[in-house]
Amino acid sequence: MGDEAGMRGPSPGAGGRGPVAADWRAPTRRSAGCGVAQRGMSLLEILLVMALIAATGLLAAGILGGGTGRMELRSTARELAAELRFARTRAIATGTAQQFMVDPAARTWQGADGHGGQWPASLEVRFTGAREVQPAEGVGAVMFFGDGASTGGRLQLRMRDAAWNIDVAWLTGEVSLRRAEPAR
């Protein structure tokens, strides 16, 4: 009687509102002329998101890393430390003393076997070393001897609020590179 097709009443669990269909899937796009639904993003949307991620990454790297100035400072400190180590190694290998000179006013250095160079104008360099081996007023030097020992010294490279110390131990000639507080 009340069971005939099309004559059913609301189901008891529907609260008297009839059947409820809920579809929580993402919205779809319909391509023009076809009845096929497409899901996903367009190439333009993907490229836009990738460009935003890249821009954010570059900004974060600049802020967190201190920018190119700090990279230049660290790179120059590593280069000078490597050249000091080369001078020491050359002294041990040849058995003859090698001199590493630094001229802070001219922003130049001169190492073993004619190695030399200049550091960027944006960096300030301070040298502390033995006065006895100082070749000229305002020019510092570290002597490395054939047994590996040296006269010792310290080079401090700084830029604004960042600094690196390059220390040369007088007894062993060991060269070490450490981040430091800039001298005022």
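This report covers the fold, core, surface and residue pairs of a predicted model.

## Overall fold

The protein chain holds 2 helices and 10 strands. Their order along the sequence is β-β-α-α-β-β-β-β-β-β-β-β.

Of the 184 residues, 27% count as buried. The accessible surface of the chain is about 12600 Å². Carbon and sulfur atoms account for 57% of that surface. Consider contacts between residues at least 6 apart in sequence: 50% of them join residues at least 24 apart.

## Nonpolar core

In soluble globular proteins, nonpolar side chains tend to be buried together. Here the largest nonpolar core has 24 residues. The residues with the most contacts inside this core are Leu80, Leu84, Phe100, Phe144, Leu155, Leu157 and Ile166.

Five elements are listed as giving two or more residues to this core: helix 2 (67-94), strand 3 (98-103), strand 7 (140-144), strand 8 (153-159) and strand 9 (162-168). Helix 2 gives the most, with 7 residues.

## Aromatic pair

A pair of aromatic rings is described by the distance of the centres and the angle of the planes. The count for this model is 1 aromatic pair. The partners are Phe100 and Trp109. Their ring centres are 5.7 Å apart and their planes lie at 15°, so the pair is stacked. The cut-off for stacking is under 30 degrees. Both Phe100 and Trp109 are buried. Phe100 is also among the core residues with the most contacts.

## Salt bridges

Side chains of opposite charge can pair when their charged atoms come close. The whole structure contains 4 salt bridges.

Asp113 pairs with Arg90, with the closest N and O atoms 2.6 Å apart. Asp113 sits in the loop between strand 4 (108-110) and strand 5 (116-118), and Arg90 in helix 2, so the pair ties together parts 23 residues apart in sequence. Asp113 is partly exposed, at 46% relative accessible area. Arg90 is partly exposed too, at 29%.

Asp167 pairs with Arg154, and the closest N and O atoms are 2.5 Å apart. Asp167 counts as buried at 16% relative accessibility. Arg154 is partly exposed, at 37%.

Arg158 forms a salt bridge with Glu124; the closest N and O atoms are 3.0 Å apart. The pair links distant parts of the chain. Arg158 lies in strand 8 and Glu124 in strand 6 (residues 124-129), 34 residues apart.

Is Arg158 buried or exposed? Its relative accessible area is 14%, so Arg158 is buried, given the cut-off of under 20%. Glu124 is partly exposed, at 34% relative accessibility. Arg126 belongs to this group as well: salt bridges that share partners join Glu124, Arg126 and Arg158 into one network.

Thr76 is in helix 2. Thr76 counts as buried, with 8% relative accessibility. Leaving aside residues up to four places away in sequence, Thr76 touches Trp119, Pro120, Leu123 and Leu157. Of these, Leu157 is among the core residues with the most contacts.

Ser122 occupies the loop between strand 5 and strand 6. At 42% relative accessibility, Ser122 is partly exposed. Ser122 and Leu73 are 49 residues apart along the chain, yet their C-alpha atoms are separated by 8.8 Å.

## Nonpolar surface patch

Which residues make a nonpolar surface patch of about 540 Å²? They are Met41, Leu43, Ile46, Leu47 and Met50. Met41 lies in the loop between strand 2 (37-38) and helix 1 (43-65). Met41 has 59% relative accessibility, so Met41 counts as exposed; the cut-off is over 50%.

Technical notes: Residues are numbered from 1 along each chain as its sequence is written. This is a predicted model: local features need pLDDT of at least 70, side-chain atom pairs count only at pLDDT 80 or more; totals for chains, interfaces and linings use all residues. Side-chain values use heavy atoms; hydrogens and water are left out. A nonpolar core is a set of buried Ala, Val, Leu, Ile, Met, Phe, Trp, Tyr and Cys residues joined through side-chain atoms within 4.5 Å. Buried means under 20% relative accessible area, exposed over 50%, partly exposed in between (1.4 Å probe, protein chains only). Helices (H or I, at least four residues) and strands (E, at least two) are DSSP runs, numbered from the N terminus. Contact means heavy atoms within 4.5 Å. Accessible areas come from the Shrake-Rupley method with a 1.4 Å probe; for residues, only the protein chains shown count as cover. Rings of Phe, Tyr and Trp (its six-membered ring) pair if their centres lie within 6.5 Å; planes under 30 degrees apart count as stacked, over 60 as edge-to-face and the rest as tilted. Patches are made of residues with over 30% relative accessible area and no salt bridge: like charges are joined within 9 Å, nonpolar side chains (Val, Leu, Ile, Met, Phe, Trp, Tyr) within 5 Å. A salt bridge is a side-chain nitrogen of Lys or Arg within 4 Å of a carboxyl oxygen of Asp or Glu.
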